[in-house]
Amino acid sequence: MAGLSADSRHHEQRGFGRDVALFSALFALILLVAFVQGSPYALRMTVEAFAYALIAIGLNIQWGYAGLFNVGIMGLILAGSFASLFVSFPVNAAFWASDAAPQLGMAFLWLILAVVIVGLISQSWRVGVPKGLSTALTIISGAIAFMVIQSVFDAPTTAVERQAGWIGGLGLHPLVGWAAAGLVAGLISWVIGKICLGLRADYLAIATLGIAQIIKTFLRNADWLTRGTLTVSPLPWPVPTPLDVGFLWGRSYYLALSAALLLVVYLLIQRAYHAPWGRMMRAIRDNEAAAASMGKNVNGRRLEIFVLGGALMGIGGALLVHFNQLFDPAGFVDLNHTFLVWVMVILGGAGNNRGAIFGAVFVYIVWVMSEPAATALFRLASDLGRDWFDWVPPADLQSRALQMRVFVIGLTITLVLRFAPHGVLPERIARG
């Protein structure tokens, strides 16, 4: 037994040394970017990487802890971003002074009533209605409610756009907006989970992808709510802005706040990981049937982890859009806000939160730096080819540098899957 304990300690020491070496190399890489591109560029990149790290932790606990295949990440990021915008953006006095405000309020009362009625019908099986009939009645009542609510909202939303442009925000502190982002994204995750977590993994993926597209389409076309393609800017910061304290100090304050938030989330999730709750989640992931036979509420526990992960994605999205001070629903795309996050978690190591953070920061650096690096290489190749071989480069050679991002990320994930199939920092299973 003592031998096993010594082996376990040796394994942990090797793992800790590996973590320190990798994160030290990552820090050195950030310093190199600062040296080559300048401190402002490196600060911006690091803040955005920390926001992605928060999102990656959300995906990591969904996939790494519970095996939930969520490809609707973009929708949760977008929903959280909008919630934070709505709570923290300055009040639009023109909207509240217009006739459209009470009309819109009445429309929302109709929406709440419709949701309550459909919800009650969906639970009619509890009072003796056959489940098949209850499901059919729910679908029919939902379709009717959708058509009624759509007609109820037509007049108020048109009035909002005509009289005030859009509804504006509530003018609260951005940190309240970040909390609202987590709440809204968590609530949407709860709805998705209640509907979809009983499905197979491939059906869950299709459902989450579809819901993400619905969220994006709605927010992009709801001019009265989000200004649509006109975008909303500038979003407020929770710390002094560059206009108040200077460019470098402003970004440094935002970086410090982002790092503190990421550290707190990491410590709390790590504590949960090593607690009985975390062990139960991994037991459900590894052998659902055995966990269910021990009396565990499998779907209930999965719903918990899905909501928690979704809330972190919403907060990460809010952190990201507030830093960029721009909300544009069309700017949220699956490549950047779903596929890239999956690459971060797979490269870092699913089930390991340090791996998620490392993967997020490293992949984002590669993603951001691949364009300037490719531009420099293309320029060098053009100059050498012209001087040595009288080669005339294509006119669009420089514009192709942006396309190198996808190639470099694909090459990176291919190499990692070849030489570290479980990620650079895989989940560590405690030994005897």
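Predicted model: local features only at pLDDT ≥ 70, side-chain atom pairs only at ≥ 80, totals over all residues.
Numbering runs from 1 along each chain as its sequence is written, and side-chain values use heavy atoms, with hydrogens and water left out.

Next I looked up salt bridges (a side-chain nitrogen of Lys or Arg within 4 Å of a carboxyl oxygen of Asp or Glu). I found zero between domain 1 and domain 2, and six in the structure.

One of them pairs R354 with D19, closest N and O atoms 2.7 Å apart. R354 sits in helix α16 (residues 353–389) and D19 in helix α1 (residues 2–37), so this pair ties together parts 335 residues apart in sequence. Helices here are DSSP runs (H or I, at least four residues), numbered from the N terminus. I noted D19 as buried at 6% relative accessibility and R354 as partly exposed at 26%; buried means under 20% relative accessible area, exposed over 50%, partly exposed in between (1.4 Å probe, protein chains only).

I also checked E48 and R44, which meet at 3.1 Å, N to O. Both lie in helix α2 (residues 39–66), four residues apart, about one turn of the helix.

Last, I looked at E427 and R282, a salt bridge at 3.9 Å, N to O. Both residues are buried, and shared partners join R282, R285 and E427 into one network.

Methods: Helix = DSSP H or I, 4+ residues; strand = E, 2+ residues; numbered from the N terminus.
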